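Trainee: I would like to go through this model with you, one question at a time, and hear how each answer is reached.

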Amino acid sequence: MMDFLDELRAFARESADVLRRTTLDIDRDPSLVDGVLGGALPWRHVGMPAEYYPDPPVVQGRPVYLDSCVEQVTVLEELARADAGAVLALPGPAMSGFVVAEIADQRQRERYYGMLAERPTWTFFGMTEPSHGSDPAGMATNVTGGLLNGVKRFVGNGARARIGVVFARRSAGPLGIAAVLVETDRPGFAGVPLETLGLRALALSELRMRDVPVEVGDLLGHHRSATRQGMWAAVRTFNRYRPVVACLALGVAQAAFDYVVDNRRLMRVAQRHVLDGFAERLHGARALVLAAARSADDDPGDGTLASAAKIRATALAEEITTAAVRFFGPGARWEHPLLDKWLRDARAFEFMEGTSNIQRLNLAQGYLNGRLGHAQAA
Amino acid sequence: MSTALSVDQQHYRAVAFAHGAAAALTLLHAETSAGVLPAGPGGHVFVPEHIESACDRYETPDGPRARDGAREEPLGGVSAGLVALRIRGAGPTHGGAWPSGVAWVRLGLAERLLGQATEHLRHRTVQQTATLNLPLVRAMLADAAGGIAEAAALFAAAPGSPALHRIHRSLDEVGRLCLHLFGAVGFLATGPGGDVRASELLADAYTPERPEREGS
Ligand SMILES: Cc1cc2nc3c(=O)[nH]c(=O)nc-3n(C[C@H](O)[C@H](O)[C@H](O)COP(=O)(O)OP(=O)(O)OC[C@H]3O[C@@H](n4cnc5c(N)ncnc54)[C@H](O)[C@@H]3O)c2cc1C
């Protein structure tokens, strides 16, 4: 019998075709996402726990909930080869779901997953602020006296979400950051879409919170020890989501590569060498992304391989999409709109879940801590 | 074909640096192609909106020709105040000054963007340190500055279209580094991200075709 992951990949590849048909339309008009994507894919949710998802697709007799990192990188890379923006615009738990899964109490789980199970619902993960991206500890958003105040920026799906997680300071120091579960229809909460160059389907947004009422029951992990709450869950979420971002970058890179192979039949020798080099790197990056996903499933506390995968897949996506337009004549960015879209999309991955510099710092530290495993001296 | 990288076009660099793409292209157009839409080797035109609406002719290898709507196709989207068209039969005149002028404009734009990125990071902090002073950030800044220096050196040293190709590549690299430096701000459609896109599209439209090398 075919290996399970190979069959899952083949199933996802077939499913991805529907996304190809709409990719340029959604890029022009991101509001089409709602109408076009509803029910188009076999998965209604990405990352819903089994008890809230009674009818997931089945591959080789196994239900596929897409709740492990390995399943996600396998399936989402294939979907991203058609449209990475649409993948990120799928309703469901996405990043905030990781936080809920890690630290929510039973009532919070019921509130969150119950709402998502009712009907397709977008969620958000609000960490970045206008003045603080790579340095979340500097955040100014705060919860004081039962009121949430602050601005979050560059938050995916923020303006269309019904519920999500806002990170906010409750007290000084690294343990003073809380993860707050908030519905977006609370008074004082507003989500405003931002116009972006790429991944336009994602509806990157700004969240403005002014005296939004919150209670103890909204603080995720409030029942746990102080060291196992907000930032602890955020770090584990990044470790699990970075392989996913890497797989999306890989999907975009592979799409651009395939486009060149399919549309540029007559090539100079030098061009063929360039493509051969890219083919090898795609292969290598895919192996690394899978290894990172396995590591994240085994131990979400260790993000060393996740950082390695993200650095390499992101660089590859930028390089291949940049090179791909050069295989075609003048004005290729206009003459080959898909290549232009992939080039614009590829540039998002540098920032999602931390820039390459931040990943380099993680990776170097992880290496020094012996987390990559070393050859043993004989 | 040799396109001279003449030094007397230096002022386009200065205007692009000080005022951006639209201002520099307006000056370049007034001095080299007044009344005529400049076209690249694929028949693409990418100019400030007011130039597009004011010109009644377009460039072809045999000299300017009167515009005729039936030959034109707008190419959607405006970037940094520029609009794009494709005109059937349009193309660059041999030895025209527009392509090298565009390269000078892009050099000034790259310097402008790097200056803006530097200013942006001077005012951001990571744990009380200015982001601009972080060693990894300095490394990216150095790579970008190196790309600008290479382009400027090529302008000074080598006339001809191979140099023009390398200048554009080098400036493309600088643009991408600037995007990394800006963080997510550079991913927004307006602001520096839109300026980098416009600069890249200028290269895409107007870089002369590279002569094929034998045996390659
Ligand atoms: C498409 C997209 C989706 C996103 N989705 C979300 C989301 O859903 N939720 C959310 O909260 N955020 C989201 N973000 C924001 C993202 O997390 C931030 O953009 C990212 O963390 C970088 O922050 P910044 O943009 O403020 O850049 P900055 O932190 O200002 O970085 C600027 C430059 O400085 C460098 N730098 C910064 N600190 C260091 C350091 N310590 N060492 C070395 N170099 C450093 C960076 O590498 C970069 O080159 C998204 C961004 C994009 C583009």
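Trainee: Is B:Arg106 buried or exposed in this predicted model, and at what relative accessibility?
Mentor: B:Arg106 belongs to helix 4 of chain B, which covers residues 98–122. A residue counts as buried when its relative accessible area is under 20%. B:Arg106 therefore counts as buried, its relative accessibility being 1%.

Trainee: Which residue has a side chain joined to that of B:Arg106 by a polar contact of 2.8 Å?
Mentor: Leaving aside neighbours within four places in sequence, the residues in contact with B:Arg106 include B:Leu171, B:Asp172, B:Ser199, B:Glu200 and B:His168. The side-chain partner in the polar contact of 2.8 Å is B:His168.

Trainee: How many charged residues does the shell around the ligand have?
Mentor: There are 31 residues around the ligand, and A:Phe125, A:Thr128, A:Ser134, A:Phe154 and A:Thr355 come nearest. By class, the shell has 20 nonpolar and ten polar residues, and the number of charged residues is one.

Trainee: What percentage of the area that the ligand exposes when taken alone does the protein bury?
Mentor: Consider the polar atoms first: a nitrogen atom of the ligand is 2.7 Å from a polar backbone atom of A:Phe125, and an oxygen atom of the ligand is 3.1 Å from a polar backbone atom of A:Gly156. From a side chain, a polar atom of A:Thr355 lies 2.6 Å from an oxygen atom of the ligand. Taken alone the ligand exposes 970 Å², and the share of this that the protein buries is 93%.

Trainee: What distance separates the C-alpha atoms of A:Ser31 and A:Gly156?
Mentor: A:Ser31 is found in the loop between helix 2 (17–28) and helix 3 (33–37) of chain A, and its side chain is joined to that of A:Asp29 by a polar contact of 2.7 Å. Along the chain A:Ser31 and A:Gly156 are 125 residues apart, while the separation of their C-alpha atoms is 14 Å.

Trainee: What is the mean pLDDT of chain B?
Mentor: For the model, the scores are ipTM 0.95 and pTM 0.96. In chain B, 92% of the residues reach a pLDDT of 70 or more, and the mean pLDDT is 92.

Methods
Residues are numbered from 1 along each chain as its sequence is written. Chains are lettered from A and ligands numbered from 1 in the order in which they are written. This is a predicted model: local features need pLDDT of at least 70, side-chain atom pairs count only at pLDDT 80 or more; totals for chains, interfaces and linings use all residues. Side-chain values use heavy atoms; hydrogens and water are left out. pLDDT is the predictor's confidence in each residue, from 0 to 100. Helices (H or I, at least four residues) and strands (E, at least two) are DSSP runs, numbered from the N terminus. Buried means under 20% relative accessible area, exposed over 50%, partly exposed in between (1.4 Å probe, protein chains only). A polar contact is a pair of N or O atoms within 3.5 Å; within protein, one must be able to donate a hydrogen and the other to accept it, and residues adjacent in sequence count only if both atoms are side-chain atoms. Contact means heavy atoms within 4.5 Å. A residue is near a molecule or strand if one of its heavy atoms lies within 4 Å of it. Accessible areas come from the Shrake-Rupley method with a 1.4 Å probe; for residues, only the protein chains shown count as cover. Ala, Val, Leu, Ile, Met, Phe, Trp, Tyr, Cys and Pro count as nonpolar, Asp, Glu, Lys and Arg as charged, and the others, Gly among them, as polar.
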